[in-house]
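Colleague: I have a few quick things to ask about this one. Can you walk me through it once it is on screen?

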Amino acid sequence: MAEVRLVEVSKRFGSLPAVDRVSLDVPEGSFYTLLGPSGCGKTTTLRIVAGFYPPDRGDVFIGARRVNNLPPHLRQTAMVFQEYALFPHMTVVENVAYGLRMRHVGERDVARRVAAALSLVGLSGVERTFPARLSGGQQQRVALARALVVEPEVLLLDEPLSNLDAKLRVRVRTEIRQLQRQLGKTVLYVTHDQEEALAVSDRIAVMDRGRVQQIGTPVEIYHHPANRFVADFVGLANFVEADVAGPDVVRIGGVTLRVPLNRAAPEMGRGGTAGGRVTLVLRPEAIRLHRAPPQMDNVLPGRITTASFLGTLARYWVEAAGLTWIVDVPSPGETVYGGDVFLEIPPERTHILRD
Ligand SMILES: Nc1ncnc2c1ncn2[C@@H]1O[C@H](COP(=O)(O)OP(=O)(O)O)[C@@H](O)[C@H]1O
Ligand SMILES: [Mg+2]
């Protein structure tokens, strides 16, 4: 059953459609991420789920209940805001206890639940401290504890890691994912960071200009992007315009390549229908780089123009068939190539977009 369901939800600010006919099914107990560039409508969507904005159109369900007209504190949701929004004049304990006091929970239960929440996020020992004296990472944990302590059915997290430095972001995102699994909570998570989304999510909804562009698992989104926006926003990709030359055959420049046209665009290859155009999407690590011409099809001769050693991989810019290709070679050890090379384009790693 879907724990959170949005059906054709829209919200305008003046004439600007911030959220445009968004439909989502967030399964119970899943980690579901809204991913997209700044301004695409992620926060607005989250606020609609939390009840801070009413939608102009469409329906919001939590569990079996339509909640369009239900105030935030009755929705079984808790939100962690991007800037944490901690109360500066309250200690850590008072911040975390706040939601329980608002719900008139007895003092003994408040103390027990606050201590449990603080220990869950690894924050014991700073109970009497004020937020301003805490590091960004500690403040983030207080905000998380404050949301968890009310035992919401749905946890809403709006870019919770954006104020942390890069190393800490990776550590805390893993902790949040482990916590979600351990508690079996439904999490609706917002980020503009595609790597973060791939790393933690069960499902991702990619948004652009208020609209959902694609919903899928991280593997589906990365390997089978629905359109050019998704392919470009998530990971790095080579986009190659090609002419259809026959069944599963395309031409780029003067070179013929075998690609799985029929898998993605059945009408284009059938009976060798030539003349159509497609875009090939090739991830840098999908292309294989050879120093000597391999005895196989689908090979383009080329020349390395730039090489960049990145430790876990070497990244090359290669001129071939009149285009510049980005090619990643994993585990390069101490070897960085230059000069003439041959690019093998594996058909099974080639994704096709219709123009
Ligand atoms: N309270 C508001 N008043 C007017 N415009 C807003 C308001 N909140 C958001 N917007 C606009 O709506 C669009 C979506 O914003 P937002 O949901 O915050 O995007 P995101 O979280 O993806 O960066 C943006 O163009 C933003 O400027
Ligand atoms: Mg936002």
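Colleague: Which residues touch the most other members of the largest nonpolar core?

Modeller: Keep in mind that this is a predicted model. The largest nonpolar core has 88 residues. Val 96, Ala 145, Leu 156, Leu 188, Val 206 and Leu 343 touch the most other members.

Colleague: Which helix gives the largest share of this core?

Modeller: Helix α4, residues 136-148, gives the largest share, with six residues. The core also draws at least three residues from each of domain 1 (2-233) and domain 2 (238-354).

Colleague: Let's take Val 96. What does Val 96 touch, beyond four places in sequence?

Modeller: Val 96 touches Val 114, Ala 117, Leu 118, Val 142, Ala 145, Arg 146 and Val 149. Val 96 is also one of the buried residues of helix α2, residues 92-102.

Colleague: Which others are buried in α2?

Modeller: Val 92, Asn 95, Ala 97, Gly 99 and Leu 100 are buried too. The buried residues of α2 pack against α3 (107-120) and α4.

Colleague: What follows α2, and is its phi positive or negative?

Modeller: His 104 follows α2, and its phi is positive, near 60°.

Colleague: Back to the two domains. How far apart are their centres?

Modeller: The centres of domain 1 and domain 2 are 39 Å apart, taken over C-alpha atoms. The contact takes six residues from domain 1 and five residues from domain 2. On the domain 1 side, the residues divide into two nonpolar, three polar and one charged.

Colleague: What does UniProt say about the chain?

Modeller: An unreviewed UniProt entry carries the annotation "domain: ABC transporter" for residues 4-234. Over residues 4-234 the chain is 36% helix and 27% strand. The end C-alpha atoms of that stretch are 25 Å apart.

Colleague: Switching to the ligand. Which residues surround ligand 1?

Modeller: Phe 13, Leu 16, Ala 18, Gly 36, Ser 38, Gly 39, Cys 40, Gly 41, Lys 42, Thr 43 and Thr 44 surround ligand 1. They divide into four nonpolar, six polar and one charged.

Colleague: Which elements each supply at least two residues of that shell?

Modeller: β2 (16-27) and α1 (42-50) do. The largest share, three residues, comes from α1.

Colleague: Is α1 mostly covered or mostly open?

Modeller: Mostly covered: nine of its nine residues are buried. Among them are Lys 42, Thr 43 and Thr 44, and those three residues also surround ligand 1. Arg 47 is buried in α1 as well. Just after α1, Gly 51 takes a positive phi of about 100°.

Colleague: One more residue. Where is Val 299 placed?

Modeller: Val 299 is in strand β16, residues 299-309. Val 299 is partly exposed, because 18 other C-beta atoms lie within 10 Å.

Colleague: What is Val 299 in contact with, leaving aside neighbours within four places?

Modeller: Pro 293, Pro 294, Phe 342, Leu 343 and Glu 344. Val 299 and Leu 343 are 44 residues apart along the chain, yet their C-alpha atoms are separated by 5.4 Å.

Colleague: Last topic, the whole chain. How many helices and strands are there?

Modeller: There are ten helices and 20 strands. The C-alpha trace spans about 75 × 50 × 35 Å along its principal axes. Buried residues make up 38% of the 355 residues.

Colleague: What share of the contacts with a separation of 6 or more comes from residues 24 or more positions apart?

Modeller: Those residues account for 65% of such contacts.

Conventions: Residues are numbered from 1 along each chain as its sequence is written. Chains are lettered from A and ligands numbered from 1 in the order in which they are written. This is a predicted model: local features need pLDDT of at least 70, side-chain atom pairs count only at pLDDT 80 or more; totals for chains, interfaces and linings use all residues. A nonpolar core is a set of buried Ala, Val, Leu, Ile, Met, Phe, Trp, Tyr and Cys residues joined through C-beta atoms within 7 Å. A residue is buried if 20 or more other C-beta atoms lie within 10 Å of its own, exposed if 12 or fewer, and partly exposed in between; C-beta atoms are placed from the backbone. Helices (H or I, at least four residues) and strands (E, at least two) are DSSP runs, numbered from the N terminus. Domain bounds come from an automatic or database domain assignment. Two residues are in contact if their C-beta atoms, placed from the backbone, lie within 7 Å. A residue is near a molecule or strand if its C-beta atom, placed from the backbone, lies within 6 Å of it. Ala, Val, Leu, Ile, Met, Phe, Trp, Tyr, Cys and Pro count as nonpolar, Asp, Glu, Lys and Arg as charged, and the others, Gly among them, as polar. UniProt positions are given in the numbering used here, feature names are shortened, and annotations may be inferred rather than shown by experiment.
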